Amino acid sequence: MTKAGPMKNYLSLLIAVIALPTLSLSGRVSAAPASPADASSLTGQVKFEGATPKQARIDMSADPICFKAHPAPVTTEDIVVGTDGSLANVVVYISEGLTSHNFEPPQQPAVFEQKGCQYKPHVLAMQANQKLDVVNSDETTHNIHPSPNNNREWNMTQPHGVPIEQTFAREEIAIPVKCNVHPWMRGYIAVFKHPYFSVTDKNGSFNLKDVPPGTYTITAWQEKLGTQTQKVTIGTGEAKTLSFTFKQ
Amino acid sequence: MRSSVRFSMSAAILISLLCSAAVIAQESHIGNLVGNAKSGKALYVRYCIFCHGPNGDGRGESAPYLDPKPRDFTKALFKCRSTPSGNLPLDSDLYDTITRGIHASGMPSWKPLLKQERVDLIAYIKTFSSAFQEEKPGPAMPIPPEPPNSPESVKRGAELFQSMNCWQCHGKDGRGHGPSAAALTDSQGNPITPFDFTSGRRFKCGESDSDMFRDLATGLDGTPMPSFATAMTADQRWDVVHYIRTLSNPKARASAKTDANAHGNE
């Protein structure tokens, strides 16, 4: 660590000379979206096996505005299981096998809404450097506070109707989001460097569109139940289906 | 086999050389002074290591006995900044913190050190996170001139204290026990209490009205205290500052003032 002198400068120069052309070669490969005819799709369902976990009641009485927004009791959304065992809010994505690594973020912003003092959606997936619009549809004031490990942490107060625009620069699955004013609020934002991800809806369904042909590792991530992976090979124009089953 | 050993050895040498280059490359600037990370390291080992730890991760030998916990420099997340929430601090922000100390914490004022030594320390502290090489801090947030403190301004501030939900943590009377206070943690998961405005204690990031205004603008990153930069106009933030000033007990204020003068900022 304490070594110094001309030798070191010479070496770092040498490294720079070697590294530069390599970097410029690997950088900026265009996203090359597969033409619709070649594009393959990967759809499927995520299920939960076993007794449906009971969700805790949320007491919102500390803020009358939140409290009044819910005529019926509100529960946590840690594990949301449908009547047929379908599991919502699972992020399904390509974790390995992509040959291209540079994808432009979509123009369309990702939207994360605070409504009824809960996050809508509970789990949001977006691309790195995609614009994130944070919306407060409640009459009360929230603060939106993500706690990332691989991105910069920020924490902004948001009264009703005031727009907040942010973004995340690096991939991270997934960033917990909280509101310190309303401690029961919890959501997640999954950030990807590629566009091949999907969050299961209330039917447990996911849909990865326009996947280029290839062999991939597909990962399903659930906030409490962890991750599962499967290998899949998709041919040109092929429509594959996959299913995942989580247990507690 | 032998060649692979030779390769890994030369790789190790390269990596260590690169690391030393990184340490030396990290600089800090305060006025005309340029900080040197190598000199800063020697000072760090002498003065800072017991709390902030040899790796700068806040796990020094004294850390278990401290509340709040020492800053984890590897996260590059700092409470007292002039830059927007989510940004790195300016060198001058770190310099001000080292000079002032953080009241009601284990962090004393390091004003007894020479200016150059404090600047050297900043250069070394910045080597604990690669963020200082990858990102540039945003510009300092503007602090416009303070409008006169008036009963109207205080009244507007009181309304904002309500509508901005400050009271949810700081409490309706500013004592720091609002309904959400008990659930608060810092970004490392340690419990943290909202500031008690009635205590008359000095604020963590400086005592003046403009320090308070800046805290409202930037938020205290790594804590539950958010930025109100988009939530309130500058005039509204001044109103809140004026209102918060009324929350503390006048007697406590007077003694806090003499305390502040005794340790005074530079």
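Modeller: Before we look at any feature, note that pLDDT is the predictor's confidence in each residue, from 0 to 100. This is a predicted model, in which local features need pLDDT of at least 70 and side-chain atom pairs count only at pLDDT 80 or more, while totals for chains, interfaces and linings use all residues. Residues are numbered from 1 along each chain as its sequence is written, and chains are lettered from A and ligands numbered from 1 in the order in which they are written.

Colleague: What is the mean pLDDT of chain B, and which helix has the lowest value among the elements of that chain?

Modeller: The mean for chain B is 87, with 84% of its residues at 70 or more. Helices (H or I, at least four residues) and strands (E, at least two) are DSSP runs, numbered from the N terminus. Among the elements of chain B, helix H11 (residues 250-263) has the lowest mean pLDDT, 48, whereas helix H5 (residues 115-125) has the highest, 97. For the complex, the predictor gives an ipTM of 0.81 and a pTM of 0.82.

Colleague: Which domains does chain B have, and how many residues of each are in contact?

Modeller: Domain bounds come from an automatic or database domain assignment, and for chain B this gives domain 1 (26-134) and domain 2 (151-263). Two residues are in contact if their C-beta atoms, placed from the backbone, lie within 7 Å. By that rule, 17 residues of domain 1 of chain B are in contact with 19 residues of domain 2 of chain B, and the centres of the two domains, taken over C-alpha atoms, are separated by 24 Å.

Colleague: Is Pro144(B) buried or exposed?

Modeller: A residue is buried if 20 or more other C-beta atoms lie within 10 Å of its own, exposed if 12 or fewer, and partly exposed in between, with C-beta atoms placed from the backbone. Pro144(B) is exposed, because 12 other C-beta atoms lie within 10 Å. Pro144(B) is placed in the loop between helix H6 (131-134) and helix H7 (151-163) of chain B, and its C-alpha atom is 7.3 Å from that of Ala234(B), 90 residues apart along the chain.

Colleague: What is the strand order of the open sheet in chain A, and why do some strands have one side without a neighbour?

Modeller: Two strands pair if DSSP finds at least two bridges between them. The open sheet of 5 strands in chain A has the order E7-E13-E12-E9-E10, with mixed pairing. Strand E7 (123-127) and strand E10 (156-158) of chain A stand at the edges, each with a single partner strand, so one side of each has no neighbour in the sheet.
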